[in-house]
Amino acid sequence: MTTEKKAPARRPQSPKPTPAAEACGTCDGSGETTTTVRVGRKRREIGATQSGLCPTCLGTGTA
């Protein structure tokens, strides 16, 4: 009668720490950018600004 050895039980691995996400350089981590409003055919700038999603991070604030 031969005896078979059991494989050793696996130890649970501790979760690896995830690196902290860096703030986006374009929006400084806010997720929004502001641009000046341009009007007319010659794209004249007026004194107003508008805010929108950051094109680099798409509003998440992390790069």
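Select Cys54, which counts as buried at 0% relative accessibility. The model you have open is a predicted one, and the positions described here should be read as such. Display the sulfur of Cys54 and look for the closest cysteine sulfur, which belongs to Cys57 and lies 3.7 Å away, too far for a bond. A disulfide would need the two sulfur atoms to be within 2.5 Å, and by this rule the count comes to 0 disulfides.

Next, select Thr26, in the segment before β1, where the residue is partly exposed at 47% relative accessibility. If neighbours within four places in sequence are set aside, Thr26 is in contact with Thr33, Cys54 and Thr56, and with Thr56 there is a side-chain polar contact of 3.1 Å. For a distance across the model, pick the C-alpha atoms of Thr26 and Gln50, which are 16 Å apart, with the two residues 24 places from one another along the chain.

Finally, colour strand β1, residues 32-39, and strand β2, residues 44-53, which pair in the antiparallel sense over 7 bridges. Within this pairing, select Arg38 and then its bridge partner in β2, Glu45. Follow the chain from β1 into β2 through the 4 residues that lie between the strands of this hairpin, and stop in the turn at Gly40, where phi is positive at about 85 degrees.

Key. Residues numbered from 1 in each chain as written. Predicted model: local features only at pLDDT ≥ 70, side-chain atom pairs only at ≥ 80, totals over all residues. Heavy atoms only, no water. Buried < 20%, exposed > 50% of the residue type's maximum accessible area, 1.4 Å probe, protein only. Pairing = 2+ DSSP bridges. Helix = DSSP H or I, 4+ residues; strand = E, 2+ residues; numbered from the N terminus. Contact = heavy atoms within 4.5 Å. Polar contact = N/O pair within 3.5 Å; in protein donor to acceptor, adjacent residues only side chain to side chain.
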